[in-house]
Amino acid sequence: MLKDNFHRTIDYMRISVTDRCNLRCVYCVPSGGLKPLEHREILQYEEIVRILRIAVNTGVRKVRITGGEPLVRKNIAYLIRMIKRIEGIDELSMTTNGILLEKYAEELADAGLDRVNISLDSLKPERYREITRCGDIDAVLRGIDASEKAGLMPVKINMVPIRGLNDEEIAEFAKITLKSPYQVRFIEFMPFGKEDMWNKEHFISSEEIKSIVEQIGDLIPAKMRKSGPARYFRFDGAAGVVGFISPISNHFCKECNRLRLTADGKLRPCLFSETEIDLKPALRNNSSDTEIERLIELSIAVKPKSHSVKIENLLSPADCSAMNTVRNTHKRPMSQIGG
Ligand code: SAM
């Protein structure tokens, strides 16, 4: 197992298989849309599998498929099947908006997918459509059902609370866990995307989100086998758990074990750093596995100790627009990096 310069074991790779998405969430995709990558720029499935076969040598054991929306890429179950066959990969999961899950859940489970995280930012049909600019919430709810039936468990539902957009639904989301065995996780809004929504007014810290959830009832800390960066709790007698993920208010960089591979073949050691190592030229110029392994090791070697985005960086909306710049946010939106 390879450790980075700060004694962290890097055993987790998140792989974006496309930059395209069938939704255009207001806080993720700019209103004018994004110019999609051309087909030849995107890694082929065989290239992704080759990278992973080599990454296993450096210690990668866990893989998450993401995007864009991974389920819009053709024949995604084929990739899942190939990854599942790689010796050394112990865990294979996917992050999806769930719109196409009803159609694919069984096929994915059959191909070897272990579980899914489903992104859902509103339980109200109208608001869901507004946030996603086009989404049908019924499709997502059917997708959640389908993944449970297909055994893609535990189902995790990820919500990003944003003040003024969906914060009044925080309690409703937490209540889902009273009856359903799901993990409902609240993720702090992060500074990505071109439109400067990430400001003091919109951001809600995990601490505040938790205090809203606690109005329903006392939260008991829940010990989970693999909790990752989330802190989990449950209501007394509840079927599921609620989780809080605090990339901004409480950095988990010390435990960060991940690398990200973008759809166009760049290894990104830290979500918040623009440093990327391009694997595509090596893949397409007949480089040896040893040379590619060296590039993976390099991306582990340059993984920063921590990111520097803090609550103190938050500006008022007026200051954001006065700056008329994207200084506050990162260049690529999450849909391009792979959330
Ligand atoms: N399409 C898939 C989905 O919706 O889950 C995978 C890609 S999407 C970019 C992954 C996750 O990133 C979603 O849960 C989305 O809510 C989250 N996300 C996007 N922009 C974000 C931001 N600025 N802060 C926090 N989460 C964000």
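Which helices and strands do the buried residues of H3 pack against? I opened the notebook with that one, after a word on the model.

**Ground rules.** I am working with a predicted model, where local features need pLDDT of at least 70, side-chain atom pairs count only at pLDDT 80 or more, and totals for chains, interfaces and linings use all residues. Residues are numbered from 1 along each chain as its sequence is written, and side-chain values use heavy atoms, with hydrogens and water left out.

**Helix H3.** I took helices (H or I, at least four residues) and strands (E, at least two) as DSSP runs, numbered from the N terminus. Buried means under 20% relative accessible area, exposed over 50%, and partly exposed in between (1.4 Å probe, protein chains only). In H3 (residues 101-111) I found Leu101, Ala105, Leu108 and Ala111 buried. Seen down the axis of H3, these buried residues fall within an arc of 140°, so they line one face of the helix; the arc is that of the directions from the helix axis to the C-beta atoms. A reminder to myself: an α-helix has 3.6 residues a turn, so residues three or four places apart point the same way. Lys103, Glu106 and Asp110 are exposed on the other side of H3.

Now my opening question: the buried residues of H3 pack against helix H2 (76-84), S3, strand S4 (115-119) and helix H5 (137-149), with contact meaning heavy atoms within 4.5 Å. I also noted glycine 112 following H3, with a positive phi near 120°.

**Helix H7.** Here I listed Ser206, Ile209, Lys210 and Val213 as the buried residues of H7 (residues 206-213). They cover an arc of only 100° around the axis, which puts them on the same side of H7. Their packing partners are helix H6 (170-179) and strands S6 (183-187), S7 (219-221), S8 (231-235) and S9 (241-245).

**The ligand.** I then looked at the 18 residues around the ligand, of which Tyr27, Gly68, Glu69, Ser119 and Met190 come nearest; a residue counts as near if one of its heavy atoms lies within 4 Å. Polar side-chain atoms of tyrosine 27 and serine 119 each lie by a ligand oxygen atom, at 2.6 Å for tyrosine 27 and 2.5 Å for serine 119. A polar backbone atom of methionine 190 is 2.8 Å from a ligand nitrogen atom. Strand S3 (91-96) and helix H11 (334-337) each supply at least two residues of the shell.

**Arginine 294.** Last, I checked arginine 294 in helix H9 (residues 289-301), and arginine 294 is exposed, at 51% relative accessible area.

Key
Polar contact = N/O pair within 3.5 Å; in protein donor to acceptor, adjacent residues only side chain to side chain.
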